[in-house]
Amino acid sequence: MNTRSERGILFDVQRFCLHDGPGIRTTVFFKGCPLNCAWCHNPESKSPLPELSFHRESCIGCGECKKACTHENCVHCFACAGACPSGARTKIGYESTVDEVIATALRDRPFYGQDGGVTISGGEPFMQPAFLLAVLEAAKEHGLHTAIETSGAAKESDLLAAAAYTDLFLFDIKGIPGETHRQYVGCDGQSLHDNLRLLDAHGAKSVLRCPIVPGVQDNAAHFAYLARLAKELRHVTEIDIEPYHTAGLAKAKDLGRTDVFTVENYDKAAFRGKIEREFLPLLADVGVPVSLY
């Protein structure tokens, strides 16, 4: 495979990340996701193609966007974003090469120490399996620690191919498989968790990353399921409990999304306290560290 020929669509690269795997990380965000999580924190990741974002509060009404556009209806040429002097209109998503991704990681390498490295996130990285594998192969050529954040929405063959070049999977557990999972995520979740078991059977290390949304996963049954899952799997190294936050709401608004999930009168500190008191004790005997973010 000629890894250098692969190209992919990203929407961000964040440097010096501390919560995307061990140590200091360079986190590369792939665009595109087949799921439809109601609480999505990165709504700009859903579409596999570049999108136009409009932050109305930044618009100064200069009209430069209209002057730049030659189309009656939007065809996503992004001329308006290029002409906008205030940054109110921006293009979300851009093409990148393997070499460009690795070059960024190598600039950060002096800060990685023994534990840090590159994390591929999204979206769902397995929406671009060839580009993902090419980035992982190139990272390993340079001796970099690699991690993938995934929901498990992938073909088995793609998972196992990537696992050969991946040191750690950050595996999102969005709920107990079944109807509630289908209601809030868009699928029943069984195949996702089967893929987690597949990776575990092949010796892949994983961290279970568990969003907890009021009215969805904040119940004893969900935490009992997490405990059973962690005990069943042989290569889970940690469980991360991640209380719901509202960071995705403004981004969804800027993208023109109207189907935005909201939690009325949400108080993150109070919700975090509830999780700590009522539910973390249910994970006390799982045998791996449990972190509450």
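How do the residues of the lining of the largest pocket divide into nonpolar, polar and charged?

Reply: This is a predicted model: local features need pLDDT of at least 70, side-chain atom pairs need 80 or more, and totals for chains, interfaces and linings use all residues. Residues are numbered from 1 along each chain, and side-chain values use heavy atoms, without hydrogens or water.

The lining splits into 13 nonpolar, 12 polar and 12 charged residues. (Asp, Glu, Lys and Arg are charged; Ala, Val, Leu, Ile, Met, Phe, Trp, Tyr, Cys and Pro are nonpolar; the others are polar.)

The largest pocket has a volume of about 930 Å³. (A pocket is an open set of points on a 1 Å grid where a 1.4 Å probe fits, with protein on both sides within 12 Å along at least five of seven lines; lining residues have an atom within 4 Å of a point.) Its lining has 37 residues. Closest to the centre are His41, Asn42, Glu149, Glu242 and His245. (Helices need at least four residues, strands at least two.) The largest share, 4 residues, comes from β1.

Now the helix packing. α7 and α8 (residues 220-232) pack at about 30°, with axes 11 Å apart. That makes α7 roughly parallel to α8 (angles under 35 degrees count as such). His193, Leu196 and Arg197 in α7 meet Tyr225, Leu229 and Glu232 in α8 (contact means heavy atoms within 4.5 Å). By class, this contact has 3 nonpolar, 1 polar and 2 charged residues.

How values were computed: Grid points are joined across faces, edges and corners, and a volume is the space filled by probe spheres set on the points. Axes are lines fitted to C-alpha atoms, for helices over the stretch in contact, and angles run from 0 to 180 degrees between N-to-C directions. Angles under 35 degrees count as roughly parallel, over 145 as roughly antiparallel, 65 to 115 as roughly perpendicular and the rest as oblique.
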